[in-house]
Amino acid sequence: MRVTGIETRVYRIPPTIKIEDSIQRVSHWEFVISTVTTDSGRSGTGFCYTNSFGGTAIRELVETYVTPLVIGQDPQDVERIWHRCWWELHPLGSGGMTRFAIAAIDIALWDVLAQHAGLPLYRLLGGARECIPAYGSGINMHLDGEPLLDQMRGFLAQGYRAVKMKVGRKNPEEDVERVGAVRRLIGPNIQLMLDANQVWTAGEAIQRIRMLQPFDPYWMEEPILADDRAGHVQIRQATGVPVAVGETLYTRYEFADYLRAGAVDIVQADVCRVGGYTEWLKIAHLAASFNVPVAPHFVMELSAHALCAVPNGLILEDLQGGSLTDLGVLVEPIRVLQGEMRPPQRPGHGIVFDAAKLRPFEVTGKLTGVEPART
């Protein structure tokens, strides 16, 4: 096989519900979608996403710099292609948008390879299991009282045995009240994850986590800046609450540093943010060598294949208002059923976008007046 063409488009889609955490609001999900065609007649789809901004810059990277490196290559040489692209973009930075740009192509190539093999992608990647448990995730910093509890009731009604909520309000007592109300609602047998989205310092995090510890959090996610590895070590040692981190780490080298330092209990590598499945698998196997589980951030349609491929897959995030099915852009919906996700069984990753439903959201020119994402 040879790659004969790559088409990349950007779409800005507003969330179906209000989405706000301790540091940002999401006015739009941006999806950069690449379609890779081959001389075998097979084509693959890859994509990455942003929280409101950066999509047009990623498209430019893919079209101008990545695409010429991939045209004419054999998709079966996916490792060679990944490293060729990485070395080309590395002077711009080892993480960030360079990884997003590579991810869109890498995911499309893996889709082609799984179709070529006649296998669902998770089986080609490793086939460790057939399905994975999921948790209901809410970006719900703005919710209090009954609206917050109604969201949690909805998760329980869908069969989830684990739920996640946002914390990090300026008044710590408000977090205590909100988390306490959720714990009383769900009872002692439902796992409760908390996510602060990097809002605290290490000292603040220790104080806040101790206040929330009576509610038995299953993990505390991103309590402080992901750049502060030493602070995560301090938090783990001071509180004993498992720390989940990784959605804003981009390279296997960053994850290796975290694991060697004893700074993480659950690795949350994001398939898109680390550069696609080629790099994600390396990170997952690295975590396994430290006996650490992986629970990827977001993009559940991609993450389900990743989690079912490796033995240390822990749990899948189903973000309310953030799935492709919730956004209504797929030909066939992909859903969690009774708290578990079984990846699509057709060859490839099984994610088929509906071009007609995407078309109204396409960005073809320059964006102006983009709403700031920071709260």
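Entry 1, aromatic pairs. I counted two rings of Phe, Tyr or Trp, with the six-membered ring taken for Trp, as a pair if their centres lie within 6.5 Å. The model is a predicted one.

I then looked up Tyr49 and Phe100, whose ring centres are 6.2 Å apart, with 90 degrees between the planes; the pair is edge-to-face. I noted that Tyr49 belongs to strand 3 (residues 43-51) and Phe100 to helix 3 (residues 97-117), so this pair ties together parts 51 residues apart in sequence. Both Tyr49 and Phe100 are buried.

I followed Phe100 to a further partner, Tyr250. The ring centres of Phe100 and Tyr250 are 6.5 Å apart and the planes stand at 65 degrees, so I recorded this pair as edge-to-face. It links distant parts of the chain, 150 residues apart: Phe100 is in helix 3, while Tyr250 is in the loop between strand 8 (243-245) and helix 9 (252-261). I checked burial against the cut-off of under 20% relative accessible area. Phe100 has a relative accessibility of 8% and therefore counts as buried. Tyr250, with a relative accessible area of 18%, is buried because it too falls under 20%. I recorded one aromatic cluster formed by Trp29, Tyr49, Phe100, Tyr250 and Phe298.

I located Tyr160 in the loop between helix 5 (145-157) and strand 5 (162-166).

I found that the axes of helix 6 (residues 172-186) and helix 7 (residues 202-212) come within 10 Å and cross at roughly 35 degrees. The crossing of helix 6 with helix 7 is right-handed. Which residues make the contact? From helix 6 I listed Pro172, Glu173, Asp175, Val176 and Val179, and from helix 7 Arg208, Met211 and Leu212. I sorted the residues of this contact into five nonpolar, three charged and no polar.

Note on methods. Residues numbered from 1 in each chain as written. Predicted model: local features only at pLDDT ≥ 70, side-chain atom pairs only at ≥ 80, totals over all residues. Heavy atoms only, no water. Helix = DSSP H or I, 4+ residues; strand = E, 2+ residues; numbered from the N terminus. Phe/Tyr/Trp six-rings, centres within 6.5 Å; stacked < 30°, edge-to-face > 60°. Buried < 20%, exposed > 50% of the residue type's maximum accessible area, 1.4 Å probe, protein only. Axes fitted to C-alpha atoms, helices over the stretch in contact; angles between N-to-C directions. Left-handed = near helix turned anticlockwise from the far one by under 90°. Contact = heavy atoms within 4.5 Å. Nonpolar A, V, L, I, M, F, W, Y, C, P; charged D, E, K, R; others polar.
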